[in-house]
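Have your viewer ready and follow along, one selection at a time. Each stop says what to pick and what you will find there.

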Amino acid sequence: ALSTGETEARTFVICHFLLDLCARYPSDRSQIVGETLSRLRRRLPPHGEDGESVAPLAHASVILLRALPRTRGLVLRRGMVTLLLNRVRQYLSKQGPWPRWLPPVLVLLDVMAQPTAAPVEGDDDADAEETPVKTPPSRRGNEFIRMINERSKATQMVGSTARDIVVTIHE
């Protein structure tokens, strides 16, 4: 088994490689980040157990999402915020030492809570953030759809304010 320091060093090297790939092949950016998130989701402990592979994957996800803020929508599209919050709540309801996966998961949630001015990537829909999405009743809690609708409302509000300013200046 690798020590914590060796695991972190390996995580940094792999993330550097992945970010280099993303810089060289921007069209693969969503796929690279998406695969990292999918692996994290599959390895999350079901009942707050200590999953050895979760900490490095959560750490890698933090590094990738900070470096590539446009890919944050992938976390929302996969419902990862709710899933991670539920895992943290499950663990916190118990007593005991923190598992290795808890700190990087908390940092990942913190990254997702930070505002970003960068447009968020959709799968194949380039203008998804400008078009309000009709939310079907079965998906009202979907994080990605809520984010798209919030961005659309903010865009409309900024546009309306800008028109009001122009009209006021020209009166």
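Start by selecting L92, W98 and L106: together they make a nonpolar surface patch with about 330 Å² of accessible area. Patch members have over 30% relative accessible area and no salt bridge, and nonpolar side chains (Val, Leu, Ile, Met, Phe, Trp, Tyr) are joined within 5 Å. The areas come from the Shrake-Rupley method with a 1.4 Å probe, and a salt bridge puts a Lys or Arg side-chain nitrogen within 4 Å of an Asp or Glu carboxyl oxygen.

This is a predicted model, where local features need pLDDT of at least 70, side-chain atom pairs need 80 or more, and totals for chains, interfaces and linings use all residues. Numbering runs from 1 along each chain as its sequence is written, and side-chain values use heavy atoms, without hydrogens or water.

Now zoom in on W98, in the loop between helix 5 (80-92) and helix 6 (102-113); helices are DSSP runs of H or I, at least four residues, numbered from the N terminus. W98 counts as exposed because its relative accessibility is 54% (exposed is over 50%, buried under 20%, partly exposed in between).

Next, pick L85 in helix 5, partly exposed at 33%. Draw a C-alpha to C-alpha distance to V105: 8.9 Å, across 20 residues of sequence.

Finally, select helix 1, residues 4-24. Which of its residues are buried? They are T7, T11, C15, L18 and C22. Turned away from the buried side are the exposed V13, H16, A23 and R24.

Definitions and conventions: Helices (H or I, at least four residues) and strands (E, at least two) are DSSP runs, numbered from the N terminus. The expected span of a helix is 1.5 Å times one less than its number of residues. Buried means under 20% relative accessible area, exposed over 50%, partly exposed in between (1.4 Å probe, protein chains only). Patches are made of residues with over 30% relative accessible area and no salt bridge: like charges are joined within 9 Å, nonpolar side chains (Val, Leu, Ile, Met, Phe, Trp, Tyr) within 5 Å.
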